[in-house]
Amino acid sequence: MEECKYLYDVSMSYVNPGWQERYCELVRDIDRHLKKHHAGYFKGLQLYQTGPMNYVVVAVYYDVPGVQEELSAILHYVNEAYRNTVGHNVRRKQILKFDRAKKLYC
């Protein structure tokens, strides 16, 4: 059986008209920051556009000891970045949070 090496968080975002470019820039900035400051735990973000104002973000983490504890610092940074950059112009909904889901198969 192949070893599971990654954990995933998936969220959907609705971006108000006129904020799409700033939103994409924010996601790139968050990705760069997390890769720099949480390199041992965070692999990267993937951003998908599913409609004119709809996006899906996949956050990929390494399945290593301590990642659960590191997640709270990561999420604090991400939430502050969203709040300070786009405010209420982006609505996010979590689809999958690895720390609240039981992995059944990989």
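**Close-ups of a predicted model**

**View 1. The second pocket by size in this predicted model.** The second largest pocket comes in at about 200 Å³. Its lining draws on Glu3, Cys4, Lys5, Tyr6, Leu7 and Tyr8, and also on Leu96, Phe98, Ala101, Lys102, Lys103 and Cys106. S1 supplies the largest share of that lining, with three residues. Sorted by class, the lining counts eight nonpolar and four charged residues, with no polar ones.

**View 2. The largest pocket and what lines it.** Here the space is about 250 Å³. Of the 18 lining residues, Ser11, Leu75, Val78, Arg92 and Gln94 sit nearest the centre. S1, H1, S3, S4 and helix H2 (67-85) each give two or more residues to the lining, and H2 has the largest share with five.

**View 3. The open sheet of four strands.** Read across, the order is S2-S3-S1-S4, and the pairing is antiparallel. Strand S2 (42-51) and strand S4 (90-96) are the edges, each pairing on one side only. From one strand to the next, the twist averages 20°.

**View 4. Zooming in on S1 and S3.** Strand S1 (residues 6-15) and strand S3 (residues 54-62) run antiparallel and are joined by nine bridges. For a spot to look at, find Ser13, which stands opposite Tyr55 in S3.

**View 5. Helix H1 over the sheet strands.** Helix H1 (residues 20-37) lies across S1, S2, S3 and S4. Relative to S2, H1 runs at about 165°.

Key: Residues are numbered from 1 along each chain as its sequence is written. This is a predicted model: local features need pLDDT of at least 70, side-chain atom pairs count only at pLDDT 80 or more; totals for chains, interfaces and linings use all residues. Side-chain values use heavy atoms; hydrogens and water are left out. Two strands pair if DSSP finds at least two bridges between them. Axes are lines fitted to C-alpha atoms, for helices over the stretch in contact, and angles run from 0 to 180 degrees between N-to-C directions. Contact means heavy atoms within 4.5 Å. On a 1 Å grid over the protein atoms alone, a cavity is a set of points where a 1.4 Å probe fits but cannot get out, and a pocket is an open set with protein on both sides within 12 Å along at least five of seven lines; lining residues have an atom within 4 Å of a point. Grid points are joined across faces, edges and corners, and a volume is the space filled by probe spheres set on the points. Ala, Val, Leu, Ile, Met, Phe, Trp, Tyr, Cys and Pro count as nonpolar, Asp, Glu, Lys and Arg as charged, and the others, Gly among them, as polar.
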